[in-house]
Amino acid sequence: MNGNRGTGSGPRLYAPAPGWTLTSDVVVVGSGVAGLTVALRCAAAGAKVTVVTKAQLDDGSTRWAQGGIAAALGEGDTPEQHLADTLVAGAGLCDEPAVRTLVTEGPGAVRRLITTGAHFDADEDSGEILLGREGGHHRNRIVHAGGDATGAEVSRALIEAVRAAEIEFVENALVLDLLTDAEGRAAGVTLHVMGEGRRDGVGAVRARAVVLATGGMGQVFSATTNPHVSTGDGVALALRAGAEVSDLEFVQFHPTVLWLGPDAEGQQPLVSEAVRGEGAHLVDADGVRFMVGQHELAELAPRDIVAKAITRRMQETGTEHMFLDGRHFGAAMWERRFPTILAACRAHGIDPVTQPIPVAPAAHYASGGVRADLRGRTTVPGLYACGEVACTGVHGANRLASNSLLEGLVFAERIAADIAAEPAVPGEPVIPEPAPAPLLASEARYEVQRIMTAGAGVLRSAESLATAAGALERLRTASVEAYDRDGKTAEPCVETWEATNLALVARVLVAAARRREETRGCHWREDRPDRDDQAWRRHLVVRLTPHRTLEVRTTPAADFPPTRGGDRDTAPIVDDGAAPHGPAPDRIASHAVPKESL
Ligand SMILES: Cc1cc2nc3c(=O)[nH]c(=O)nc-3n(C[C@H](O)[C@H](O)[C@H](O)COP(=O)(O)OP(=O)(O)OC[C@H]3O[C@@H](n4cnc5c(N)ncnc54)[C@H](O)[C@@H]3O)c2cc1C
């Protein structure tokens, strides 16, 4: 295979030239809570909307969400208290205005979701919505549906509404790259559709606004709660388009994921925090409740604390998992409150009614992502990011449980309002420039996952991260050398595009994790066990330059978008596998990657 015909001037995925074009006002990439809410609100404002999505409409993390949606709806609860809990979980890196926006607009957004058609669990007599409690929340404020099937209900309601509205959707459509005009404004996307007839193969959707709602990147790791589609495509696309990306080092590992054995790979069943919220205990093999005395909230401490405690206990006892004991709930409560989890456990031979559930941490949520302001705008004009792909600053160094569905709802509405108010129309997309970036073979996906799990998982150190950086670099070099030698790259297809995206995201994540020489939130450096507010109460912001070097800067403090201050290191960076240099309060010493073809 020879000769990439990408689009625009920056790095692009290797792909055939677009063979068909579709035009819309707004193109939304992804059909989870974020994408579908943006689509519905934009359509309601009169825009012509096209939703393109990689698999079926309901594929994505949204439908897997169990616990629910956090919102200060209960008696005595206030947005201020929700704000306080969120800031604590975010470990000093939340953007307070963003969190304030989330918690004050959250209750209204949930009510509008109900108006859209979602049914949440309510008291049979009073009709009042039932509110659960999860880790890090000091109040009962989690709206849930079907007991532990909240995401499925949210997804169902939104899909039904999208089908009823005049919204075009294209399934099995993997978006490749952003189209931009001569001024650098987003003008649409290129995509590959596995369809039949007119819209088959690589094409383009032209639009005046592009909304990335591609979800998370859990598939960067071997064990994750995220579905197969969560390959970080949106972050990779944004990087190639020159948008700023922030906080990628903060990957939340869910503490209680059903442990399926040492060789289990891919998506693993989650045992929701709500199970601990209802009173299940974390115990070791001897039945000792090891969370008691470690945190005032014991099992309901924020996720990073629980994940670290489990991992520590696993190390101390030389075991591969701990146990979650909810036997005292009894069969009736398991069946009523947690039917999905009960079924998933039983499908794997564990009966939570009579047995403690074996659990271990797994990659769950990307707190970082494409840097977006309070209106969801990225640093590329016309390009928006919403939901898990975005980094609005609401999660800081660690997401508070059940704040992510809420973020998708609240910021989707804000994006729709901004698009409606934004008159700018892009010019013609820039004439395609050949920009060959050889694709990785599809098997590289598993290699990336193994590298990341070993070197950049729950436990990180300078050494483990350096090893990961070296291994990822060798993976890239091999494909570049093969391409330079005989002009060949892996065949462009979904698997190779995804593998290439995963590798890019993994490299940037590792680069950020190496630089952050402290332990904070869900970033746990064994060699730097303390939080260092003096040097590191700031965000790491990265951008891929058109020359494929990684530009890294830090924000002046924890303040988040839209400030543009901070220090910047624009020198090309060389990944020599050496340990990163020590922290400088305002300036990050750089390293990494000659001939960077990220
Ligand atoms: C098991 C589990 C349980 C969870 N429980 C909760 C919970 O109780 N409460 C809570 O608040 N959060 C929870 N979360 C997190 C929450 O579900 C997600 O953060 C949220 O659903 C993300 O929504 P989204 O719309 O941003 O992305 P998603 O729902 O993941 O949707 C992403 C969409 O983008 C599409 N896509 C991806 N790449 C491309 C591409 N290249 N081209 C085209 N389309 C693409 C996907 O196919 C998908 O349609 C949970 C997550 C998991 C995995």
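The expected span of a helix is 1.5 Å times one less than its number of residues. In this predicted model, the 21 residues of helix H3 (residues 96-116) should therefore span 30 Å, and the end C-alpha atoms of H3 are 29 Å apart, which agrees.

**Helix H3**

- Helix H3 bends by about 45 degrees at Gly106, and a proline, Pro107, follows within four residues.
- Both Gly106 and Pro107 belong to the buried residues of H3, which also include Ala98, Val99, Thr101, Leu102 and Val103, as well as Gly108, Ala109, Val110 and Leu113.
- Just after the end of H3 comes Gly117, which takes a positive phi of about 135 degrees.

**Helix H12**

- Helix H12 (residues 462-486) has 25 residues, and the distance from its first C-alpha to its last is 36 Å, close to the 36 Å expected at 1.5 Å a residue.
- The residue that follows H12 is Gly487, and its phi is positive, near 65 degrees.

**The open sheet**

- Five strands, in the order S7-S3-S2-S11-S20, form an open sheet in which the pairing is parallel.
- Strand S7 (168-170) and strand S20 (383-385) stand at the edges with a single partner strand each, so one side of each is left without a neighbour in the sheet.
- From one strand to the next, the twist averages 20 degrees.
- Within this order, strand S2 (residues 26-29) pairs with strand S3 (residues 49-52) in the parallel sense over four bridges, and Val27 stands opposite Thr50 in S3.

**Strand S18 and its partners**

- Strand S18 (residues 357-366) is mostly covered, since ten of its ten residues are buried.
- Strand S14 (residues 251-258) pairs with S18 in the antiparallel sense over six bridges, and Val251 stands opposite Ala366 in S18.
- Strand S17 (residues 322-325) also runs antiparallel to S18, to which three bridges join it; here Phe323 has Pro358 of S18 as its bridge partner.
- Ile357 has its place in strand S18 and counts as buried because its relative accessibility is 0%, where buried means under 20%.
- Leaving aside residues up to four places away in sequence, Ile357 touches Leu258, Val271, Met322, Phe323, Leu324, Trp334, Cys345, Ile350 and Pro352.

**Cysteines**

- A search of the whole structure for disulfides finds zero.
- For Cys391, the closest cysteine sulfur is that of Cys94, at 10.0 Å, which is too far for a bond, given that a disulfide needs the two sulfur atoms within 2.5 Å.
- Cys391 counts as buried, because its relative accessibility is 1%, whereas Cys493, with a relative accessible area of 25%, is partly exposed.

Technical notes: Residues numbered from 1 in each chain as written. Predicted model: local features only at pLDDT ≥ 70, side-chain atom pairs only at ≥ 80, totals over all residues. Heavy atoms only, no water. Helix = DSSP H or I, 4+ residues; strand = E, 2+ residues; numbered from the N terminus. Bend = angle between axes of the 7 residues up to and from the residue. Buried < 20%, exposed > 50% of the residue type's maximum accessible area, 1.4 Å probe, protein only. Pairing = 2+ DSSP bridges. Axes fitted to C-alpha atoms, helices over the stretch in contact; angles between N-to-C directions. Contact = heavy atoms within 4.5 Å.
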